Amino acid sequence: MAKEKKDTLKKADASAKEETKKAKKSESKSKKDAKKDEGKKGGIIKWFRDLKIEFKNVTWPTKKTVFVNTSVVLGTIAFASLVVGLLDFGLLELIKFLLGLSQ
């Protein structure tokens, strides 16, 4: 009896899986068809409406956050420029010194 129940349950699981696969296939086909139809209708006007909705959903940074981030970027650029400039100057003087020794 227990073996019969297990077999019955396995058959039921297999049929349920097949039905799920069929449903997913038909759902994906309907989504593809909907996307094709969606691309044809509305055009540029629909695109701008959707764009407006998406811009409302964006979490924009505060002025303080923008100021702080901009300050960090500018400070990093200034520091990197200073380091590169000093390395350039130092290497130039080193090469001048080495060339001066050879004369």
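User: What is the confidence of the protein, and where is it lowest and highest?
Analyst: pLDDT is the predictor's confidence in each residue, from 0 to 100. The mean for the protein is 81, and 60% of its residues reach 70 or more. Helix α1 (residues 2-40) has the lowest confidence, at a mean of 62. Helix α3 has the highest, at 95. Where pLDDT is low, the predicted coordinates should not be read in detail.

User: What makes up the secondary structure of the protein?
Analyst: Three helices and zero strands. Helices (H or I, at least four residues) and strands (E, at least two) are DSSP runs, numbered from the N terminus. Along the sequence the pattern reads α-α-α.

User: Why is the contact between Asp 50 and Lys 46 called a salt bridge?
Analyst: A salt bridge needs a side-chain nitrogen of Lys or Arg within 4 Å of a carboxyl oxygen of Asp or Glu. The closest N and O atoms of Asp 50 and Lys 46 are 3.0 Å apart, so the pair qualifies. Both residues lie in helix α2 (residues 43-57), four residues apart, about one turn of the helix.

User: How many salt bridges are there, and what is the distance in the one between Lys 96 and Glu 93?
Analyst: The count is two. Lys 96 and Glu 93 meet at 3.8 Å, N to O. They are three residues apart in helix α3 (residues 63-102), about one helical turn.

User: Are the residues Asp 50, Lys 46, Lys 96 and Glu 93 buried, partly exposed or exposed?
Analyst: Buried means under 20% relative accessible area, exposed over 50%, and partly exposed in between (1.4 Å probe, protein chains only). Asp 50 has 33% and Lys 46 has 31%. Lys 96 has 48% and Glu 93 has 35%. Each of these values therefore reads as partly exposed.

User: How many aromatic pairs are there, and why is the pair of Trp 47 and Phe 48 described as it is?
Analyst: There are two aromatic pairs. The ring centres of Trp 47 and Phe 48 lie 5.0 Å apart, with planes at 80°, so the pair is edge-to-face. Rings of Phe, Tyr and Trp (its six-membered ring) pair if their centres lie within 6.5 Å; planes under 30 degrees apart count as stacked, over 60 as edge-to-face and the rest as tilted. Trp 47 is partly exposed at 49%, and so is Phe 48 at 47%.

User: What makes the pair of Phe 55 and Trp 60 stacked?
Analyst: The planes stand at 20° and the centres 6.0 Å apart, so the pair is stacked. Phe 55 is partly exposed at 45%, whereas Trp 60 counts as exposed at 55%.

User: Which residues make the nonpolar surface patch?
Analyst: Leu 91, Leu 94, Phe 97, Leu 98 and Leu 101 make a patch of about 530 Å². Patches are made of residues with over 30% relative accessible area and no salt bridge: like charges are joined within 9 Å, nonpolar side chains (Val, Leu, Ile, Met, Phe, Trp, Tyr) within 5 Å. Leu 101 sits in helix α3 and is exposed at 56%.

User: How do you know that Thr 62 makes a polar contact with Thr 65?
Analyst: Their side chains come to 2.8 Å. A polar contact is a pair of N or O atoms within 3.5 Å; within protein, one must be able to donate a hydrogen and the other to accept it, and residues adjacent in sequence count only if both atoms are side-chain atoms. Thr 62 lies in the loop between α2 and α3.

Terms used: Residues are numbered from 1 along each chain as its sequence is written. Side-chain values use heavy atoms; hydrogens and water are left out. Accessible areas come from the Shrake-Rupley method with a 1.4 Å probe; for residues, only the protein chains shown count as cover.
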